[in-house]
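Please keep the sequence and the structure in view while reading.

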Amino acid sequence: CCYVEGGPMITCTRRVQFCAGHRVMGHENCCARIHGHNFVALFTAHAALDTVGRVIDFSVLKDKLGGWIDRNWDHGFIAFEKDVEVVKAVSLVASSRLFLLPVNPTSENLADYLLTVVCPLELEGTGVTVIKVVLYETENCHSEATIE
């Protein structure tokens with residue numbers, strides 16, 4: 001295509017919203033309690049431009065990454081697998097969706113999990129790499145995970 005060595009890195013970003021509950025085990029304040037957020041995730045993707053001139057069609061990012069979030073996190077509870085108390089409590093609620101995370105579900109860890117686990121899995125074979133995930137817990141607070 002028209003890529004020139006030393007030219008700009010071209011990316012595209014897709015926004016995905018979801019609602020989920022969590023608690024931050026060991027937190028010193030109110031986040032130690034069960035609570036939830038209206039999360040917003042921004043996925044920034046990079047690849048050689050296709051014949052149309054795109055990194056990837058935005059709908060593919062929505063279907064693959066948003067689809068994973070819909071199936072696993074949206075309107076569910078994300079818990080640290082070692083947080084036995086919360087895992088037991090959420091498991092007792094009929095029709096609850098519980099996702100066990102191998103790390104404490106801080107905003108930083110959720111962004112990292114999306115970047116390093118979910119994105120490579122869902123985009124395998126596309127030639128596209130998500131290089132940054134920005135995860136907003138609120139309008140005022142967000143975390144970023146970036147591939148250097």
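Helices here are DSSP runs of H or I with at least four residues, and they are numbered from the N terminus. The structure is a predicted model.

**Residue H22**

- H22 belongs to strand 1, which covers residues 11-22.
- Its relative accessible area is 1%; because buried means under 20%, H22 counts as buried.
- A polar atom of the H22 side chain lies 2.7 Å from the backbone oxygen of P105.
- Beyond its neighbours within four places in sequence, H22 is in contact with R33, I34, H35, H37, F77, I78, P105 and E137.

**Salt bridges**

- Side chains of opposite charge can pair when their charged atoms come close.
- How many salt bridges does a search of the whole structure find? The search finds four.
- One of them joins D83 and R23, with the closest N and O atoms 2.8 Å apart.
- D83 sits in the loop between strand 3 (76-80) and helix 2 (84-91), while R23 sits in the loop between strand 1 and strand 2 (35-46), so this pair ties together parts that are 60 residues apart in sequence.
- Both D83 and R23 are buried.
- Another salt bridge is formed by E122 and R71, at 3.6 Å from N to O.
- This pair also links distant parts of the chain, since E122 is in helix 3 (residues 107-122) and R71 is in helix 1 (residues 58-72), 51 residues apart.
- E122 has a relative accessibility of 17% and therefore counts as buried.
- Salt bridges with shared partners join D50, R54 and D57 into one network.
- Within this network, R54 pairs with D50, the closest N and O atoms being 2.9 Å apart.
- R54 is partly exposed, with a relative accessible area of 32%, and D50 is likewise partly exposed, at 24%.

**Residue T116**

- Where is T116 placed? T116 is in helix 3.
- With a relative accessibility of 44%, T116 counts as partly exposed, because that class runs between the limits of 20% and 50%.
- The side chain of T116 reaches the backbone oxygen of D112 at a distance of 2.8 Å.
- T116 and I147 are 31 residues apart in sequence, and their C-alpha atoms are 8.7 Å apart in space.

Conventions:
Residues numbered from 1 in each chain as written. Predicted model: local features only at pLDDT ≥ 70, side-chain atom pairs only at ≥ 80, totals over all residues. Heavy atoms only, no water. Helix = DSSP H or I, 4+ residues; strand = E, 2+ residues; numbered from the N terminus. Buried < 20%, exposed > 50% of the residue type's maximum accessible area, 1.4 Å probe, protein only. Polar contact = N/O pair within 3.5 Å; in protein donor to acceptor, adjacent residues only side chain to side chain. Contact = heavy atoms within 4.5 Å. Salt bridge = Lys/Arg side-chain N within 4 Å of Asp/Glu carboxyl O.
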